[in-house]
Amino acid sequence: MAAFQFVNYNKPGPGVSKDAPPKSRFVVFFEIFSRKFTNLIKVNLMFMIPVIIAFLMTFGVSYFTNSVFLVFLPLVLISPFVAGLTFITRNYAREEHAFVFSDFKEAVQKNWKQFLVHGIITYCFVILMYLATTFYYYNAPNNNFFYVPLAVCIMMCVLFLFMQYYIPVMIITFDLKLRQIYKNALILAIIGLGRNLLLSLILLLIFGGLLLLFMLTGSALVLMLLFLLAVLLIFSFVSLLCNYMVYPMIEKYLIKPYYEKQTEGSEEEQKALAAAADEDYDEEAAQALEKPKPEKAKSEYVYENGRLVRRSEVEAVFDDNLIDPKSK
């Protein structure tokens, strides 16, 4: 034991070398997953409350009707709570802090309307595509023409699936109308085709592997373990994985271009500054710098607490005219 008396635990470690190669995103993801493992379980348990309630309502409706459209309609009620799940996992994907309960609750309160509308649209789209593809599939052997709309339906389903990777995180990140979010999600679904296919393949391997495990064993123990996995982790893990993979696309094509556009100076100012920096700059260039520059128009949106919001909403907090005189 005496050998350990000379160890100074207060001495700083070697740290990370500045020349060390950057870690791969694969490694970083599992580092985040390991650090946030406990919180991911907490978030998943919170999210399971509306999930269980919605499934119980689904079973209840199934006793009164066999309509596919009506039986699964209660599942739409889950969609507002996706806001809280997405907000927490998005912050974790960006390696930012999030309070599990309070941030989850706040995200649901602020975004439940858009998520509910999105849930209704998604539900109607899935039901419509199910009816259409079923009809075309069973009639295609008798009429080859039906293969064309069948292929179109499949392509629409794939694109809509890719859009689902972006829509939730865009709703909580940007102060945009839902149609604008759908438009941006469709663009990202196309230009990020490789990333979207990779993410879909990973999810297919995960769920396909779990299903195959159950089919091969068929034991009640495996079924119980799968149910326990769903209750404790599966939703938060999938949300973290999706946000981790798609957020760089959102940052690259939506957030960074917005700030670059706001920060770049006018061409005339750049020319005047370049002339002033030259030793032999003329008098006209100096006078150009002395002229009062018109104040740049403030951007309509600002990035506040991980969300693009209108500037007026932020400045309203500090507007003295909005203070109630009775409160003084």
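In the predicted model, a cluster of rings linked by pairing comprises F26, F29, F30, F33, F37, F237 and Y244. Aromatic pairs in the structure number 15. One of them joins F33 and F37 in an edge-to-face arrangement, with the ring centres 5.6 Å apart and an angle of 85 degrees between the planes. The two partners were assigned to separate accessibility classes, for which the limits are under 20% for buried and over 50% for exposed. F33 counts as buried because its relative accessibility is 15%, whereas F37, at 35%, counts as partly exposed.

The largest nonpolar core consists of 62 residues, and the most contacts inside this core are made by Y92, Y165, Y166, M170, L199, L240 and I250. Helix α10, spanning residues 220-263, is the main contributor to the core, with 15 residues. For Y166, contacts beyond the neighbours within four places in sequence involve A185, L188, A189, G192, N196, V246, M249 and I250.

Two or more lining residues are supplied by each of α2 (37-62), α4 (79-93), α5 (100-139), α6 (147-164), α9 (193-217) and α10. Helix α10 provides the largest share of this lining, nine residues. Classified by residue type, the lining of the largest pocket contains 28 nonpolar and eight polar residues, and no charged residues.

Definitions and conventions. Residues are numbered from 1 along each chain as its sequence is written. This is a predicted model: local features need pLDDT of at least 70, side-chain atom pairs count only at pLDDT 80 or more; totals for chains, interfaces and linings use all residues. Side-chain values use heavy atoms; hydrogens and water are left out. A nonpolar core is a set of buried Ala, Val, Leu, Ile, Met, Phe, Trp, Tyr and Cys residues joined through side-chain atoms within 4.5 Å. Buried means under 20% relative accessible area, exposed over 50%, partly exposed in between (1.4 Å probe, protein chains only). Helices (H or I, at least four residues) and strands (E, at least two) are DSSP runs, numbered from the N terminus. Contact means heavy atoms within 4.5 Å. Ala, Val, Leu, Ile, Met, Phe, Trp, Tyr, Cys and Pro count as nonpolar, Asp, Glu, Lys and Arg as charged, and the others, Gly among them, as polar. Rings of Phe, Tyr and Trp (its six-membered ring) pair if their centres lie within 6.5 Å; planes under 30 degrees apart count as stacked, over 60 as edge-to-face and the rest as tilted.
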